[in-house]
Structures are given as structure tokens and as C-alpha cells.
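Welcome, and thank you for stopping by. Please take a moment to look over the sequence and the model before reading on.

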Protein chains: 2
Amino acid sequence: MIAKENLHAFFHPETVAVIGASASPGKIGHTVMTNMLGAGFRGKLFPVNPKGGVIEGLVAVRNIADLPRGLDLAVIAVPRDHVLGSIEALGAIGTKSVIVITAGFKEVGKEGYHFEQEIKALCEAHSMAMLGPNCLGMMNPAHGVNASFAAGQPRAGSIAFFSQSGALCVAILDWALGENIGFSKFISLGNKAVLDEAHMLGYLADDRDTKVILGYIENVEHGEEFLRQARAVCRTKPVIMIKAGTTTAGAKAASSHTGAIAGSDQAYAAAFLQSGVIRVADVASLFNLAQAFSTQPLPRGPNLAVVTNSGGPGILTADIADRSRLTVAELSQRTIERLQAFLPSYAAFYNPVDIVGDADARRYRKTLDVVADDPLVHSLLVLLTPTASVEIEKTAEAVIHTARKCGKPVFACFMGKTRVARARAMLMEAGIPCYAFPEAAVRSIESMYEYYLWKHRPEPVYAEYSSDRELALEVIRRHEERREPEIVEFQAQEVLRAYGLPTPKTVLARSSDEAVAAAEEMGYPVALKIASPHISHKSDVGGVVLGLGDAGEVMRSFREIAARAQRMRPDAYIAGCLVQEMAPPGVKEVIIGFKRDEQFGPMLMFGLGGIFVEIMKDISFRLAPLSRQDAFEIVREIRSYMLLRGLRGDPPVNTAALEEIILIMAQLASDFPQVWEAEFNPVLINHERALVADVRLTLLLKESRG
Amino acid sequence: MIAKENLHAFFHPETVAVIGASASPGKIGHTVMTNMLGAGFRGKLFPVNPKGGVIEGLVAVRNIADLPRGLDLAVIAVPRDHVLGSIEALGAIGTKSVIVITAGFKEVGKEGYHFEQEIKALCEAHSMAMLGPNCLGMMNPAHGVNASFAAGQPRAGSIAFFSQSGALCVAILDWALGENIGFSKFISLGNKAVLDEAHMLGYLADDRDTKVILGYIENVEHGEEFLRQARAVCRTKPVIMIKAGTTTAGAKAASSHTGAIAGSDQAYAAAFLQSGVIRVADVASLFNLAQAFSTQPLPRGPNLAVVTNSGGPGILTADIADRSRLTVAELSQRTIERLQAFLPSYAAFYNPVDIVGDADARRYRKTLDVVADDPLVHSLLVLLTPTASVEIEKTAEAVIHTARKCGKPVFACFMGKTRVARARAMLMEAGIPCYAFPEAAVRSIESMYEYYLWKHRPEPVYAEYSSDRELALEVIRRHEERREPEIVEFQAQEVLRAYGLPTPKTVLARSSDEAVAAAEEMGYPVALKIASPHISHKSDVGGVVLGLGDAGEVMRSFREIAARAQRMRPDAYIAGCLVQEMAPPGVKEVIIGFKRDEQFGPMLMFGLGGIFVEIMKDISFRLAPLSRQDAFEIVREIRSYMLLRGLRGDPPVNTAALEEIILIMAQLASDFPQVWEAEFNPVLINHERALVADVRLTLLLKESRG
């Protein structure tokens with residue numbers, strides 16, 4: 001655990017030591033010194049070098065032990081073999097936080113990995129917040145901190161950026177300098193031995209200087225903590241992230257359907273979706289959104305109004321908006337009338353409002369004021385084509401004027417490059433995102449609207465179902481003792497019943513006579529299914545026969561199934577056959593499953609049975625714990641959801657019953673970490689009730705000592 | 001028909017008159033003069049103004065009649081009411097082409113529309129090539145022509161651009177001036193009264209100055225001509241287009257499934273796909289691709305090699321490439337060995353090749369030469385992060401050096417903005433597209449690869465099926481005479497048989513006795529279906545019963561069906577019931593249909609039966625005429641195609657039989673323009689044969705005079 005106080009000292013240090021400070025330009029220990037001084041650091045800066053001397057006008061401290069006790073931040077830029085000693089010495093004087101810039105740790109192999117483990121343990125022992133190793137450093141421009149060896153000082157701003165790739169930090173810094181973009185915090189995470197993205201989210205959530213958080217990550221190690229922090233921060237400010245290094249889908253052929261489908265990128269997708277993190281695929285989008293979120297209020301609805309001085313760009317914009325979650329909605333009648341009062345008759349009074357090529361700034365201004373005033377309008381995009389008569393800079397002023405007073409998000413797209421350059425700079429300076437072409441503008445507004453919806457979702461509600469955990473545990477223990485990883489139907493049903501899950505009447509018959517007796521008892525028609533702990537895909541060995549109508553059929557089928565299974569799987573122990581009640585007619589089949597993701601824990605999946613999951617890959621995912629809202633969504637997210645709503649007069653299925661089974665499965669996953677994956681397949685559902693017709697639980701057996 | 005010679009005179013005029021030339025700055029007739037002179041026009045320029053005088057140093061001609069006979073190009077910038085007269089006079093002196101800049105025609109309503117029709121007729125009568133009206137004009141910088149009133153002179157280049165939106169011309173011109181992008185031709189199409197996008201494609205196909213064609217269109221009026229020209233030109237050079245004004249899907253609830261689904265944007269999508277036009281959604285992509293195609297050779301395969309000096313951007317690039325049609329393929333063993341000979345041991349020798357942050361230009365150069373030399377590599381992307389030790393401009397030189405000699409496409413992504421600005425300018429100058437972030441680079445290479453594949457497709461082969469057209473025509477005529485738009489099953493089957501299409505044995509039974517007799521003849525089980533010209537969705541009236549096993553069942557069902565249909569549709573004439581052989585077990589159901597698109601003619605559609613088409617919208621489209629290749633593709637393009645390939649040991653269906661039915665339907669659509677739409681639903685298909693089990697043809701009945 002990193003104390004909040006130490007994290008604060010890390011970001012807002014009053015005392016900073018540079019371990020390995022150097023007077024030789026080109027050395028990292030020199031660049032860190034000049035960067036700190038160049039950033040205008042107002043606290044105490046201590047160069048540390050065993051040789052002493054004067055570095056950038058400051059007398060070097062020879063020993064770490066001579067630094068003040070309770071030092072806020074130490075930046076370590078010494079050769080790798082001296083890092084551990086430095087940290088030990090820093091720990092001894094009660095240093096609150098360190099940045100290890102030095103490379104040569106985990107990233108270079110086994111030996112480096114062990115070094116890293118050692119410094120990590122040491123930092124933890126002293127509860128020091130440690131950034132890196134193998135990183136570029138950290139900046140807090142408003143506080144005069146540039147504890148990095150990067151080239152260039154960004155200005156202070158309201159965007160926080162953290163990145164697992166130092167190179168991306170370098171590139172983005174250079175880009176931000178060119179675009180005059182400011183940062184509240186700029187963090188190169190490096191190897192993430194101690195501080196990682198979850199700590200950043202946790203800290204930045206409460207950081208008043210930060211309006212928007214950007215992140216680049218390649219992996220998340222502590223998925224559940226990440227999820228917890230991300231969920232919390234997204235309630236108050238937007239988090240926009242790139243996840244790089246998506247694993248190739250289908251690389252591993254897993255043993256069950258769930259396993260085969262639930263590649264880890266699905267887990268990241270679910271994590272981002274459930275926590276409210278806005279995921280982008282490329283760096284350009286990252287910054288487009290950062291600018292939008294950091295300057296404009298959120299739109300309070302989907303209705304986008306477009307004001308343009310030319311038709312073509314207006315149409316293009318409407319097209320793009322139409323394919324987004326935004327709506328190019330009709331304006332109110334009153335607005336149209338107000339526009340008609342002063343716009344020329346050949347203008348288009350609807351939306352996009354085309355005020356035509358001869359529009360001057362005055363016409364833009366009046367139009368913008370009227371349109372922004374319409375209560376049906378939630379956001380505004382102003383298009384300008386540099387025609388001969390347009391007053392480009394004056395129109396920019398008009399846009400700024402409207403934006404300042406209307407309280408709604410206003411975006412501009414001044415098309416072209418040379419003639420609109422000055423106006424674009426004016427707009428950006430005034431905090432109005434301005435783009436060269438409409439696409440990026442629409443995408444930004446769409447993302448902001450989606451975030452608005454996220455932010456105003458009701459608080460998630462988590463259900464708790466009563467269960468007979470002892471009973472379930474007994475079944476699991478029995479399998480663990482016998483070292484049987486698969487809990488198959490009959491015994492798995494016991495687990496389900498312990499959780500109150502609806503299962504079909506099922507009797508294990510050891511002989512054909514027992515089968516007939518059971519069938520007579522439950523009433524025809526019945527199904528027969530092979531019962532063996534070693535056969536998980538029953539159909540593959542011809543082990544399932546449905547719709548048996550009388551005693552003769554049951555008798556015959558029992559013998560056939562048993563013989564076939566024994567022939568095809570001579571190694572398998574055959575316990576007999578399960579006699580099972582048949583599903584009522586008109587039911588739909590769905591699959592509900594979970595699999596444990598290494599980073600994020602149990603991941604639930606939902607889809608329609610058969611080809612929908614297997615061929616169409618029409619599956620939705622959610623990470624546990626699932627809220628009621630998650631269960632509601634996972635059912636409705638699949639493309640084939642319409643089939644559950646009822647076609648051609650069929651009644652819709654009882655989705656509430658499905659959602660409950662999903663929530664109970666999630667609870668089961670949380671209750672028993674030793675259940676590695678589970679599949680309810682099929683779950684039968686009609687307008688009244690749901691039935692888990694077949695089930696398979698797979699245990700993770702610990703290595704036996706023998 | 002526009003004579004090729006006149007189009008040539010239009011683009012390469014030696015004599016140009018400006019009708020409405022003016023000496024007053026700000027007037028269009030003045031701007032056109034200064035633009036022509038500013039472009040360095042070397043031919044003869046005639047200002048025409050009834051008042052005479054000297055305009056920009058040239059003596060004005062007072063009357064059009066005084067201009068030289070056989071004038072190449074006249075630019076008309078007079079008030080609307082004088083346009084017609086001007087064109088008449090120009091026609092009289094044998095003018096080859098005109099540009100009507102004047103607005104106030106079709107775009108302002110009915111009166112303007114009539115004016116436009118008049119000038120159009122006049123131009124056609126004199127076979128004058130006419131651009132506009134209501135346009136910005138045209139430029140051919142290499143020929144010293146700027147016959148427009150746009151602000152700014154673009155440089156000569158190899159990109160042709162035409163646009164239906166004058167505003168977009170203005171914006172793009174301004175943008176191109178800022179980016180120093182050159183054009184071979186720059187055309188504002190305006191109202192397209194005579195010259196349209198199809199003429200442009202036809203001309204530019206053979207234009208040696210044009211390497212890449214860009215277009216912005218809002219609609220195509222002559223779809224089949226557009227398709228013909230686009231197909232031809234895409235064989236020789238890339239065409240990249242934006243189609244704006246996509247109609248909202250599902251706006252009209254059409255009467256049949258095909259109609260409901262085949263919105264006209266699908267027709268445009270099919271037109272672009274089948275002709276090889278590269279469709280983009282936004283202007284930024286238009287220009288990214290234009291730069292890529294105009295400067296780099298096409299990649300001859302999917303394998304992209306990435307060379308980078310940093311891990312993160314390399315991973316991001318691999319992610320993006322992995323989701324594209326490109327492959328981040330393994331390098332050859334020899335290449336890896338060659339790299340190992342000089343790269344530091346901590347470099348990554350695979351792909352992306354990470355030559356690490358301390359790489360200088362020499363290391364880049366050696367790496368690029370070795371990687372480009374690998375025969376497995378088809379294209380190369382060079383990433384550079386501006387780290388402290390990188391030599392940015394020298395690396396740009398290394399990239400240029402490799403690109404010049406390797407004959408493969410080379411792209412650069414120098415990340416950042418300020419520090420890489422000079423190197424980026426050097427690369428662009430040398431014809432190497434350079435981007436700030438990797439996404440656009442990968443997208444460009446992907447598009448070039450897709451175009452490479454298109455260009456090297458075999459020539460399309462069109463099949464011709466023998467048919468008894470007279471027989472089919474007879475059935476159609478019969479319905480036309482009776483003014484019955486729907487040709488239903490029994491009679492529609494006759495049409496199918498005329499085309500040799502396989503249909504199930506079907507007998508129309510007028511009574512239950514006839515039904516039993518027919519069933520006995522064809523053998524049980526049979527299906528019964530209501531037969532009425534007024535009932536097109538038989539199931540909706542309970543008019544279909546399947547699997548009847550004996551005479552009693554047939555007898556009973558006949559009566560029930562007939563009674564039910566009569567009760568539910570008392571207005572319908574009931575001819576009886578069709579007795580039909582049942583489909584063999586294990587067949588799949590597909591839907592094949594067509595509908596006429598107003599612009600593009602018959603559009604074929606294909607999908608799997610039932611929910612796949614109706615709920616999942618999993619449908620593929622092609623415009624007629626279909627090549628064998630098109631038929632092959634339309635079947636394989638749907639997501640659910642895997643179901644036809646056979647699951648769990650089922651044999652794959654006979655796709656060749658399906659393709660044949662699709663081609664025959666396309667032929668039927670071409671043979672009978674009065675068949676407005678058709679639906680074969682379902683077509684039953686198994687591993688052996690296909691059967692058109694149900695069919696509906698809809699005629700377009702001409703308004704009757706009565």
C-alpha cells in the first residue's frame with residue numbers, strides 16, 4: 001500500500017534530490033537537473049554526487065545520508081548496480097517517493113527481473129512510492145516539477161497523461177509542444193514495479209488540476225484494482241485510454257467454447273466498458289478527445305445542430321452524425337421562425353442550417369445565437385468554408401461569443417488550411433476545438449455524449465442471492481479429492497440447486513430398468529444422456545437421445561447409448577444414463593458461461609445457443625462482480641437479442657429469469673475461486689421460466705505433492 | 001454524347017474566352033481573368049464585355065460573334081438571364097466547350113430547372129462539353145489553366161479532383177495550398193447538367209498527367225454509365241471517392257423483404273465495390289490516400305515490415321496492422337541473421353524490428369536496406385520517436401535512400417511535431433508519405449494493397465444461360481393484361497422453368513380430391529400451400545402445412561387451409577392449394593432476390609433464410625450484370641457463410657448450384673425490365689442440389705390510360 005501522503009509528495013515535492021546528478025551535458029543526471037531548474041522549481045533541489053562539486057550552480061551532496069530526513073522525492077539516475085544501494089540509503093532517511101530512471105531491469109531478462117524484485121521489496125518495506133524503473137520520469141508543470149530527462153517543457157494545463165511506453169511520452173511531448181497543449185501531470189510509468197496505472201487513476205481522481213486523464217497501457221497486472229479505481233474516477237472525470245498489444249484472437253485452442261472465445265482482449269474491452277473508460281485505438285483520437293473534454297461542457301443529449309455556409313460539408317457532417325450516436329434533430333418551430341425572420345429565403349432553415357456562401361460574420365452570429373438558444377439543441381458544430389465573402393476571423397469571434405454564453409458544447413470546423421489558420425488559432429486559444437474536416441469534430445462530440453450518459457447512469461446495484469454454500473462445497477471437495485477436474489451433469493446439478501438455480505428433473509439410472517422406472521415416474525417424453533465423468537461433450541459420442549416416448553424406447557436407447565459410449569471411449573468410466581424431463585415446446589436456447597481471466601478474474605459470457613455463439617461469435621462479456629445493470633445489458637448487447645424479444649407474435653422470453661441466472665453464476669464464480677470455468681449450455685428459456693438443462697464446471701486442481 | 005475532342009479542348013484549351021469579363025476587382029468575371037493570367041496561360045485569352053474597354057491589359061471583345069470560330073473554351077460569368085443567349089452565340093461560332101459559373105438554375109427551384117434544361121439542350125445540340133452551371137470552374141495547372149473564380153493557384157501535380165460541392169473545392173484548395181499538394185485537374189462539377197462524374201472518369205482514365213483520381217459526389221444520375229466508366233478506369237489507376245448524402249436506412253417500409261433491406265446506400269456500396277472504386281468516409285482519408293497512391297508503388301503482397309526505434313509505437317502499429325488486411329509477417333531467416341550481425345543484442349530482430357532508442361541514422365540505414373531486401377517483405381513502415389540520440393534528418397535521408405532503390409512502398413511515421421518537422425518536410429518533398437502517428441500510415445498501405453489485389457483480379461467472366469424467353473414473356477404478359485402485379489408460385493414457377501431453374505414438383509389442386517390424387521402421384525410426405533394471386537405471405541394466413549403423411553391428412557388440411565384463408569382474406573380469390581414435394585432432409589434455406597435501384601438498375605441480394613436476413617441483416621449485395629466472380633463473392637461475403645460450408649461433419653452445400661441460380665436471376669432481371677423485383681425464398685440447398693422452393697415476382701405495371 002502506498003500512503004496517499006507519499007503519492008502527494010511524489011507529485012508535489014518541496015524537496016527533490018537527483019541521485020547521480022552530473023555537470024556533463026548529455027548525461028541523464030545532468031538533463032534531470034536542467035529540466036528541474038528550467039521548469040521553475042520553487043522548492044529545494046539537491047544534486048547528489050559522490051565526487052561533490054557544483055552542478056548547475058548548486059553544491060552537490062556527496063552522500064544520500066546527508067540529505068534532509070523525510071525527503072519528498074529522489075530521482076535516481078545512477079548505473080543499475082548502484083540503484084539498490086541508493087534506495088536503501090533513501091529508505092534510511094525516510095524518503096517519501098523515488099523515480100528510478102535507470103534501465104536494465106525486468107525488460108532485459110531474468111537477472112534484471114531479480115534486481116527489480118529487490119528494489120520493489122525495499123520500496124515497499126519503506127512504503128516509498130516508486131515510479132519506474134526504466135522510465136522517463138514525471139512532470140507537474142504547474143508546480144514547477146520536471147523530474148524527467150525528456151527534451152522540452154510542456155506548459156501547465158488540465159490534461160494528465162501516463163504511459164507505459166517512454167517512447168510514446170517522448171513523441172507526445174514533442175507533439176504537445178507543437179500544438180501548445182498543456183498538462184497537469186505527465187508520467188512515464190516504465191516497468192511499473194510499484195506505481196502503476198491503478199495508483200495513477202486513484203490519485204488523479206482527486207487532483208484538482210486534472211480535468212481529463214489520458215493513458216497508454218500495454219498490460220494491466222492487477223485487474224480488479226484497476227477496475228475498482230477506474231470505476232470510481234470515471235464517475236467524476238473522463239479517462240481516455242489506448243490499450244496496445246492486443247493478443248491475436250484464437251491463438252490458443254481452449255478446451256471449452258467459453259475458453260475458445262473469451263480471448264483476453266475481450267476482458268480488456270469488458271473492463272473498459274464496465275468502468276466507463278473511453279477506449280481509443282490511436283494516438284490522434286486520444287488527443288482530439290483530450291482537447292474536447294478539457295475545454296467544453298458535456299452535451300446533455302444527443303441532438304447536434306450544424307450551422308454551415310455551404311451544402312456539401314453540411315451533408316458530409318449529417319452523414320457522419322447519422323452513423324454516430326448523435327442525432328441531427330429537427331429544430332423547434334420557434335427557432336425556425338426566428339431564423340426565417342433574418343436569413344435570406346434561399347437559406348436552409350432546418351438542420352444542418354445552411355446560411356449560404358455569402359454569409360458574413362453578422363449572419364453567423366445571429367444564427368448561432370438563435371440555434372444555441374433552442375432547448376432541443378444539445379451541442380453545436382459550426383462549419384465554415386473559406387468562400388470569397390466569408391469573414392473568417394470575425395466568424396471565429398462570433399463562435400467564441402456564442403460558446404461563452406450558451407453553456408452548451410460548441411465545436412468548430414473551419415475547413416482548409418492557409419486562410420483559416422489564424423481563425424483556428426483564435427478558436428483553440430479560446431478553448432473551442434477546431435478541426436480541418438468534420439469527422440473528428442463529430443467523433444469528439446459523440447464521445448462526450450456517451451460519457452455524459454455514463455456519468456448519469458444510476459449507481460450500480462449488486463444483488464446477493466442466498467445459497468447453500470456448504471452443499472456446493474461438498475460436491476467440489478469430492479471432485480478435488482478424486483482429482484477429477486470436471487464436475488458433470490448430475491453432480492454439477494447439485495451445485496446449481498445449492499444456488500437455487502432451476503434444473504430439469506433428472507435421475508441417474510445405472511441400468512435400463514432403472515431408466516424405465518425413472519421415466520415412468522416423471523412422465524414421457526424424456527431424454528437420455530450418457531453419464532460419465534470422463535465424457536464432457538456427450539453428443540460427440542452419440543450420448544444424447546431426445547424425445548423418447550415409451551418404456552420400449554427408453555430401454556433400447558439406454559443400451560445403445562451405453563454401448564456406443566463404451567466403444568468410442570473405452571477408457572471412460574460409464575456411470576449409467578441420466579433420465580431427464582424434456583424441455584417444454586417453444587423454448588429458446590442460450591449459453592451462459594464464465595472463465596477466469598488472468599488479470600481481471602471471472603468473465604461472464606452470454607449468447608444464443610448453437611451457431612450464434614460458435615459461428616456468428618455473437619457473444620457479450622462482463623467481468624464479475626456484475627451489477628443488475630450489467631446483467632440487463634449483457635443480455636441485450638448481442639446482435640441476436642431480437643430473437644429473444646419474440647418474432648411474428650411469439651411472446652418475448654422472460655429476460656429477468658435469464659439475468660438472475662447470470663447474476664447467480666457470477667456469485668458462484670466469486671464464491672469458489674477453485675471453479676476455473678463454467679458453462680450452462682443450454683439454458684432453456686421461454687416467456688415464463690428458465691431451466692439450466694446442461695452444465696459443466698471445471699475445477700483448477702492444485703498440483704499434488706506426490 | 002460529348003466528343004472526346006471537345007473534352008480535350010475543355011481541359012487543354014488554346015483559346016479561352018471569358019464571357020462577362022470585368023475590370024472591377026471582386027467581380028467573378030474579373031477573378032476568372034486574373035486567375036487565368038496568374039496560372040500562366042500560354043494560349044489566347046479573350047475578355048468579352050459588351051462595353052468593350054481594356055481588362056487586365058487585354059482589349060475586350062464586344063460580341064461573342066467576333067470571337068474566333070472553333071473556340072476551345074468559354075467561361076460564362078454573366079447574370080443568369082443572359083446565359084442562354086451567350087450559349088446560343090457560342091454555339092453559332094462552333095465553340096467546343098463552356099463552363100457556366102453562373103448560379104440560379106436547378107438549385108433554386110422549378111423556374112431555374114427549366115432554364116437549366118434549355119441550356120443543356122442547347123449545348124447538346126451543338127455537342128458542346130458544358131461544365132456547371134453553378135460551379136467554381138476548372139483548373140489544369142500544368143497547362144496554365146485556371147478557369148475558375150477560386151482564391152489561390154495550386155501547383156501542378158498528379159492528382160485529379162472533381163467535386164459536386166463547390167464549397168468543398170474551396171476548402172480543399174485552401175488545404176492543398178497549405179500542404180503543397182499539386183493537381184493535374186481540379187474540377188467543380190456544379191449542377192452536372194451535361195458533364196458529370198462519368199465523363200470525368202472516362203477522360204481522366206487516359207489522362208497521362210493523372211495518377212490518382214479523387215471525387216466527391218452526392219448522387220449519381222446515370223448509374224450504369226458510371227459503373228462502366230469506373231470499372232474501366234480502376235483497371236489502370238486508383239479512384240478514391242466520398243459519397244455524401246447517404247439516405248437514412250429503413251426510411252420506407254417496403255412491401256417485400258428485399259425492398260425493405262436494399263436501401264440505396266447498399267447500391268452505392270455495391271457499385272463502388274464492383275467497380276473497384278475506393279470509398280472513404282471523410283476528407284482527411286481522401287487526401288491521405290491521394291498522397292500515398294500518387295507517390296508510392298503498390299505493395300505486391302500483404303507483408304508489412306515495421307522498423308522502429310521504440311517498443312510502444314511498434315506494438316501500436318502491429319495492433320493496427322493486425323486488424324487490417326496486412327500482415328506483420330515474419331522476416332526470412334537470412335534477414336534475421338543479417339540483422340544480428342550488426343544490431344545490438346538487445347534489439348528485437350523480428351517484426352516489428354526494434355533497433356532501440358539509441359539508434360543513429362547509420363543503424364537505421366543498414367536495417368532498412370537489409371529489411372527492404374527481404375523477398376518476404378512487401379511494404380515498409382519506418383517509425384521514429386525523437387529520442388535524445390536519434391539523428392532525425394539523417395534518418396529521413398536514410399529512408400529516402402532506401403525508398404529510392406528498393407522498388408517497394410516505403411512509408412514513414414516520424415512521431416511528434418516540432419522536432420520532426422524538418423525531417424517530415426524532407427520526406428514529403430521526396431515523395432515519401434510521412435505521418436505523425438501510425439494509424440493513417442497503416443490504413444494507406446492497406447488501401448494500396450487492396451487496390452493491388454483488385455487490379456490483379458482476373459478479367460470478369462459473364463455467363464450466358466439459355467432460356468425460353470417466349471414462355472416467360474407469355475406468363476408476364478398474362479399478368480400485365482390482367483393488371484396483377486404479383487406473379488405467384490405456380491405461374492412464377494413456369495418462368496423459372498423457362499430459365500431452367502430447379503423447382504419442386506408442384507401441382508395446383510382445385511379440390512381436396514385433386515390434392516389427394518396429386519399427393520398419391522408424387523409420393524408422401526407432401527406440403528400444401530394456399531394458391532391465391534392476392535396472398536403473397538402465405539404463412540400469415542395459416543396457408544402452409546408441411547409434412548402431410550397420408551391421404552386423410554391431405555384431405556383435412558386442404559379444407560382447413562382454404563377455409564382459414566377465405567376467412568382471413570375474404571377479398572382474395574382462392575384458386576385452390578398447391579401440392580408440393582417436401583424438401584429432402586438436411587437442407588439449408590437461403591434467400592436470393594433482386595430489386596431495381598433507381599440509379600443502378602437490378603441489385604441482387606443473398607442471405608441465409610429466416611432470422612439471418614430478417615433479424616441479423618446478414619445480407620450481401622451485387623449490381624447486375626454479375627460476373628462469375630461476383631456470384632462467387634456474394635455467396636461468401638455473408639457472416640453466416642460458415643453455415644453453408646458444413647458444420648460438425650456435415651458436407652458443405654453445393655455452392656456452385658447457388659451461384660448459378662444467382663447468375664440466372666441476374667439474367668432474368670436484365671431480360672425483363674418490367675419485373676421490378678423478385679424473391680426466391682427459400683432456395684433449398686444441400687451438398688448435391690438446389691431447389692427454388694418458393695418464388696415471388698413483382699411487376700411494374702404501367703399506368704393504364706383509362
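Here is a short tour, going from the whole model to single residues.

This is a predicted model, in which local features need pLDDT of at least 70, side-chain atom pairs count only at pLDDT 80 or more, and totals for chains, interfaces and linings use all residues. Residues are numbered from 1 along each chain as its sequence is written, chains are lettered from A and ligands numbered from 1 in the order in which they are written, and side-chain values use heavy atoms, with hydrogens and water left out.

**Chain A as a whole**

- Chain A has 24 helices and 30 strands; these are DSSP runs, numbered from the N terminus, with at least four residues of H or I for a helix and at least two of E for a strand.
- Taken along the principal axes, the C-alpha atoms of chain A fill a box of roughly 95 × 80 × 40 Å.
- Of the 706 residues in chain A, 58% count as buried. Here buried means under 20% relative accessible area, exposed means over 50%, and partly exposed is in between, using a 1.4 Å probe and protein chains only.
- A contact means heavy atoms within 4.5 Å. Among contacts in chain A between residues at least 6 apart in sequence, 71% join residues at least 24 apart.

**Domains and a record entry**

- Chain A is divided into domain 1 (296–455), domain 2 (461–502 + 585–706) and domain 3 (505–582), with bounds that come from an automatic or database domain assignment.
- The centres of domain 1 of chain A and domain 2 of chain A, taken over C-alpha atoms, are separated by 48 Å.
- An unreviewed UniProt entry lists residues 493–529 of chain A as "domain: ATP-grasp". UniProt positions are given in the numbering used here, feature names are shortened, and annotations may be inferred rather than shown by experiment.
- Residues 493–529 of chain A are 46% helix and 22% strand, and the end C-alpha atoms of this span lie 14 Å apart.

**How the two copies relate**

- Chain A superposes on chain B by a rotation of 180° with 0.1 Å of shift along its axis, at an RMSD of 0.2 Å. The two copies are thus related as by a two-fold rotation axis.

**A closer look at A:Arg363**

- A:Arg363 lies in helix α13 (residues 361–372) of chain A and is buried, with a relative accessible area of 15%.
- The side chain of A:Arg363 reaches the backbone oxygen of A:Ile355 at 2.6 Å, and a polar contact of 2.8 Å joins the side chains of A:Arg363 and A:Asp358. A polar contact is a pair of N or O atoms within 3.5 Å; within protein, one must be able to donate a hydrogen and the other to accept it, and residues adjacent in sequence count only if both atoms are side-chain atoms.
- Not counting residues up to four places away in sequence, A:Arg363 touches A:Phe342, A:Leu343, A:Pro344, A:Ile355, A:Val356 and A:Asp358.

**Aromatic pairs**

- How many aromatic pairs does a search of the whole structure find over all chains? There are 27. Rings of Phe, Tyr and Trp (its six-membered ring) pair if their centres lie within 6.5 Å; planes under 30 degrees apart count as stacked, over 60 as edge-to-face and the rest as tilted.
- The rings of B:Tyr268 and B:Phe272 have centres 6.5 Å apart and planes at 45°, so the pair is tilted. B:Tyr268 and B:Phe272 both lie in helix α9 (residues 264–275) of chain B, 4 residues apart, about one turn of the helix, and both are buried.
- B:Phe411 and B:Tyr435 form a stacked pair, 6.5 Å centre to centre with 15° between the planes. B:Phe411 lies in strand β18 (residues 410–414) of chain B and B:Tyr435 in strand β19 (residues 434–435) of chain B, so the pair ties together parts that are 24 residues apart in sequence.
- B:Phe411 counts as buried at 0% relative accessibility, and B:Tyr435 is buried with a relative accessible area of 8%.
- Ring pairs also link A:Phe161, A:Trp175, A:Phe183, A:Phe186, A:Phe287 and B:Phe437 into a cluster.

Terms used: Copies are superposed by least squares on the C-alpha atoms of residues with pLDDT of at least 70 in both.
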